[in-house]
Amino acid sequence: MLTTSLAAPPTPLTARRRWTVLAVCALSMFLVGVDATIVNVGLPEIGRGLDVGTRGLEWVVDAYTVVMASLLIVSGALADRLGRRRVFRCGLTVFGLASLACALAPSLGVLVAARAVQGIGASMLSPVALAIVVNAMPDPRERARAIGVWASVFGLSMAAGPVTGGALIAAFGWRSVFWINAPVVVLALVLVALFVPESRGARARRLDLPGQALLTVALCLTVGLLIEGPRIGWTSPAALAGYALTAAATAGFVRVELRRDEPLMDLGLFRRPPFVTAVLGATAVFVALNVTLLLSTLYLQNARGWTPLAAGAATLPMALGATVCAPWSGVLVGRAGPRRPLLLAGAFTTAGGLCLVGLDGDTSVSLILLAFLLTGIGFGFANAPLTNTAVGGLPPSRAGVAGAITSTSRQVGVAVGIAVAGGLVAGAGPASLAAATRPGWLIVAACGLFLLVVARTAGARRQNAS
């Protein structure tokens with residue numbers, strides 16, 4: 001994700017140094033991705049260890065993703081102003097210290113607070129690291145290859161997270177999924193100090209603190225209502241007050257952004273139908289992915305009695321599909337535009353959701369694995385064309401902000417997916433858990449169908465452009 005214009009480094013780097021910079025920065029993306037999936041597979045054990053139910057466990061994931069989504073854009077602006085390497089190192093330090101706090105957390109409240117701080121650190125990693133990579137590679141072809149490698153890292157982190165988490169939990173307990181971050185952070189800090197050059201934006205953007213505050217409030221209230229709504233009642237006085245505050249924060253954010261010379265978000269982009277559908281499509285993809293991950297984790301461990309390691313290993317087809325199809329999708333976008341891979345993404349995601357709409361306690365393992373594979377393939381095909389649709393046809397000065405908003409929408413999708421999936425199964429016992437998940441699989445299928453709408457919009461844009 002890029003948030004501002006990028007300046008070339010004062011001294012050109014050698015090819016070996018440039019790819020070393022990519023490897024070091026990709027490590028941060030891997031860390032952020034693994035931390036999301038590794039925690040997902042550990043949620044049942046965390047619940048048993050801290051004696052909390054599903055609703056509390058939702059906050060363990062969403063405290064991280066909501067904070068990260070809220071701060072992605074401003075972290076990029078800070079990096080351009082203060083120095084990208086400096087902010088990157090700060091993000092690693094915050095992430096590492098918060099991981100230690102998570103590992104030592106004596107209660108749910110402390111764990112959720114530490115996860116929120118982790119989200120602050122994570123917001124300084126992936127967008128800032130990508131800006132460092134693009135800045136270090138001025139040649140467009142080399143830069144394109146580097147971004148392709150970068151995009152595939154998420155698939156690898158998906159593959160490593162659940163399996164690694166399951167193995168760690170089986171051997172050392174759930175706290176080990178946070179302890180493991182410490183040596184990785186230390187290694188990354190050393191490598192950054194040795195190999196990553198400092199860089200800044202050619203023109204630092206002003207910080208939009210009122211817009212940042214209102215965006216954070218609106219996102220936190222929205223996700224909070226989704227998580228707590230089933231408990232407090234959707235028409236209770238507390239819920240009605242929450243709706244009013246969410247609407248007020250959203251209206252205030254729009255008002256502030258329209259009046260600022262350098263807003264946090266360029267709301268003018270939302271006048272472009274392809275951009276709007278791409279942003280909503282990115283949200284839908286990550287809703288589908290995280291509904292699948294959370295429901296399958298809870299179903300396999302709580303309803304079928306699988307170990308965390310077995311449940312993590314079951315997600316390998318999903319990770320395989322995403323890892324193989326992500327680079328293929330990039331090739332298709334380059335050759336024929338975003339429409340074809342988006343159609344494939346929508347079809348496979350829809351099929352993956354429909355496979356499990358009749359899930360029960362005796363559903364065959366082969367059908368579950370097939371559903372995971374189909375969903376993973378859909379996820380792999382989706383990301384490259386969605387980014388292309390969002391930024392296509394924009395000048396560089398606006399393409400960076402468009403990419404930033406799309407990245408934010410992905411994290412919003414993570415938070416909403418976890419909240420919706422958790423709300424479906426909250427309070428369901430092992431015997432009724434499978435039935436409780438069925439609306440979730442319909443949501444996954446609906447997200448896939450929406451991608452078909454996005455594909456049509458992207459195809460219309462390409463025809464108009466030609």
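How many cavities of 30 Å³ or more does a search of the whole structure find? The search finds 3. A cavity is a set of points on a 1 Å grid over the protein atoms alone where a 1.4 Å probe fits but cannot get out. This is a predicted model, in which local features need pLDDT of at least 70, side-chain atom pairs count only at pLDDT 80 or more, and totals for chains, interfaces and linings use all residues. Residues are numbered from 1 along each chain as its sequence is written, and side-chain values use heavy atoms, with hydrogens and water left out.

**Second largest cavity**
- The second largest cavity holds about 50 Å³ of space, a volume being the space filled by probe spheres set on the grid points, which are joined across faces, edges and corners.
- Its lining (residues with an atom within 4 Å of a point) includes Val285, Leu289, Thr375 and Phe379.
- Helix 15 (365–391) and helix 11 each supply at least two lining residues.
- Helix 15 gives the most, with 4 residues.

**Helix 11**
- Helices are DSSP runs (H or I, at least four residues), numbered from the N terminus.
- Helix 11 spans residues 273–303 and has 31 residues.
- From first C-alpha to last it reaches 43 Å, close to the 45 Å expected at 1.5 Å a residue, where the expected span is 1.5 Å times one less than the number of residues.
- Of its 31 residues, 26 are buried (under 20% relative accessible area, 1.4 Å probe, protein chains only).
- Gly305 follows helix 11, with a positive phi near 75 degrees.

Terms used:
Buried means under 20% relative accessible area, exposed over 50%, partly exposed in between (1.4 Å probe, protein chains only). On a 1 Å grid over the protein atoms alone, a cavity is a set of points where a 1.4 Å probe fits but cannot get out, and a pocket is an open set with protein on both sides within 12 Å along at least five of seven lines; lining residues have an atom within 4 Å of a point.
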